[in-house]
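Visitor: Could we go through this one together? I would like to jump between topics as they come up.

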Amino acid sequence: MTNSELRYAHHPNDVKKYTTQELREHFLIPDLFNNDEINLTYSMYDRFIVGGAYPVNKDLKLETIDDLKSENFLDRRELGVINVGGAGIVEVDGKEYQLAHKEALYVGKGVKNVIFKKSSGEQPIFYLNSAPAHKEYPTKKVGKEDAEVVHLGDEKYANKRILNKLIVNSIVETCQLQMGMTELVEGNVWNTMPPHTHERRMEAYFYFDLEEGQTISHFMGQPDETRHIFMKNHQAVLSPEWSIHAGAGTSNYTFIWGMAGENLDYGDMDKVDPDNLK
């Protein structure tokens with residue numbers, strides 16, 4: 001079963017007036033994983049799709065949704081999958097790819113059938129990002145050993161973290177989709193700090209590995225007009241191109257970032273000094 005909802009884009013001047021509940025309704029994606037369902041959120045930010053597949057009792061086929069007006073989900077799209085649970089299988093047009101915990105899979109435009117399965121009795125949790133595509137590129141698995149690893153931050157500033165570039169153009173050929181995973185070192189809580197914006201790309205954040213009973217405050221908005229959304233484990237949030245995206249947890253955690261937009265230059269960002277935030 002594939003469920004979907006549509007989210008519209010927002011002008012920053014309007015977002016300044018939103019209540020806490022309105023911010024959550026427009027940007028927070030709270031329920032990605034329900035038993036034997038695929039749940040998708042179609043965003044007007046670069047027509048990016050955020051989703052989750054949770055096969056418990058049966059295999060789950062990625063079906064097209066009405067907003068796409070296409071026969072198959074990937075007729076005009078590409079897909080990124082990162083498994084944040086136990087071992088699982090993604091079948092792509094009859095070929096099976098085994099995904100262990102924190103491994104990724106890129107699936108290119110034109111694929112007809114994508115099926116999510118359990119493996120060896122473990123419970124996989126498949127996090128999904130999808131963007132429009134203009135060209136077919138081959139499906140490719142990316143294990144953690146294939147990632148480009150960057151060490152960032154400093155314990156002095158509580159932002160020491162390990163960034164794993166997984167689905168990026170230096171590892172996988174894509175049209176515009178980029179995905180990666182950042183792990184906060186124990187005792188550190190700040191991500192993407194100092195923060196930045198990138199007018200040429202939108203982004204989505206997915207938070208996991210958060211200790212039970214803890215929370216994350218995701219910061220968004222223009223640098224001089226910030227807002228926050230408190231989030232739980234296994235929730236995602238949309239980040240417009242005009243918005244900063246940073247977060248602080250009451251414990252360490254991991255998050256997945258996914259992007260789409262004008263270019264594939266990971267370093268294309270406009271940094272903001274922390275003492276200039278308002």
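Visitor: What joins the side chains of Thr250 and Gln214?

Guide: This is a predicted model, and in it a polar contact of 2.7 Å links the side chain of Thr250 to that of Gln214. Thr250 itself sits in the loop between strand 22 (246–249) and strand 23 (254–261).

Visitor: Which residues is Thr250 in contact with, leaving aside neighbours within four places in sequence?

Guide: With those neighbours set aside, Thr250 is in contact with Gln214 and Thr215. As for Leu166, it is 84 residues from Thr250 in sequence, and the C-alpha atoms of the two are 26 Å apart in space.

Visitor: Switching to sheets, what is the order of the open sheet with antiparallel pairing?

Guide: That open sheet has seven strands, in the order 2-21-18-23-15-14-13, with antiparallel pairing. Strand 2 (28–29) and strand 13 (148–152) are the edge strands, each pairing on one side only.

Visitor: How many bridges join strand 13 to strand 14?

Guide: Five bridges join them, and the two strands run antiparallel, with strand 14 covering residues 161–167. Across this pairing, Leu152 stands opposite Arg161 in strand 14.

Visitor: And the open sheet with mixed pairing, what order does that have?

Guide: Its seven strands follow the order 1-3-4-11-6-9-12, with mixed pairing. Strand 1 (2–7) and strand 12 (140–142) are at the edges with a single partner strand each, so one side of each has no neighbour in the sheet. Neighbouring strands of this sheet are turned by 15 degrees against each other on average, direction ignored.

Visitor: Which way do the side chains of strand 9 point, and are they buried or exposed?

Guide: In strand 9 (residues 104–107), Ala104 and Tyr106 point one way while Leu105 and Val107 point the other way, and all of them are buried. Strand 9 pairs with strand 6 in the antiparallel sense over four bridges, where Leu79 stands opposite Val107. Strand 9 also pairs with strand 12, again in the antiparallel sense, over three bridges, and there Ala104 stands opposite Val142.

Visitor: Where does strand 6 meet strand 11?

Guide: Strand 6 (residues 77–83) and strand 11 (residues 126–132) pair in the antiparallel sense over seven bridges, and Phe126 in strand 11 is the bridge partner of Asn83.

Visitor: What about Tyr207 and Tyr253, how are their rings arranged?

Guide: Their ring centres lie 5.7 Å apart with the planes at 65 degrees, so the pair is edge-to-face. Tyr207 is buried, with a relative accessible area of 0%, and Tyr253 counts as buried at 1% relative accessibility.

How values were computed. Residues are numbered from 1 along each chain as its sequence is written. This is a predicted model: local features need pLDDT of at least 70, side-chain atom pairs count only at pLDDT 80 or more; totals for chains, interfaces and linings use all residues. Side-chain values use heavy atoms; hydrogens and water are left out. Two strands pair if DSSP finds at least two bridges between them. Contact means heavy atoms within 4.5 Å. A polar contact is a pair of N or O atoms within 3.5 Å; within protein, one must be able to donate a hydrogen and the other to accept it, and residues adjacent in sequence count only if both atoms are side-chain atoms. Axes are lines fitted to C-alpha atoms, for helices over the stretch in contact, and angles run from 0 to 180 degrees between N-to-C directions. Buried means under 20% relative accessible area, exposed over 50%, partly exposed in between (1.4 Å probe, protein chains only). Rings of Phe, Tyr and Trp (its six-membered ring) pair if their centres lie within 6.5 Å; planes under 30 degrees apart count as stacked, over 60 as edge-to-face and the rest as tilted.
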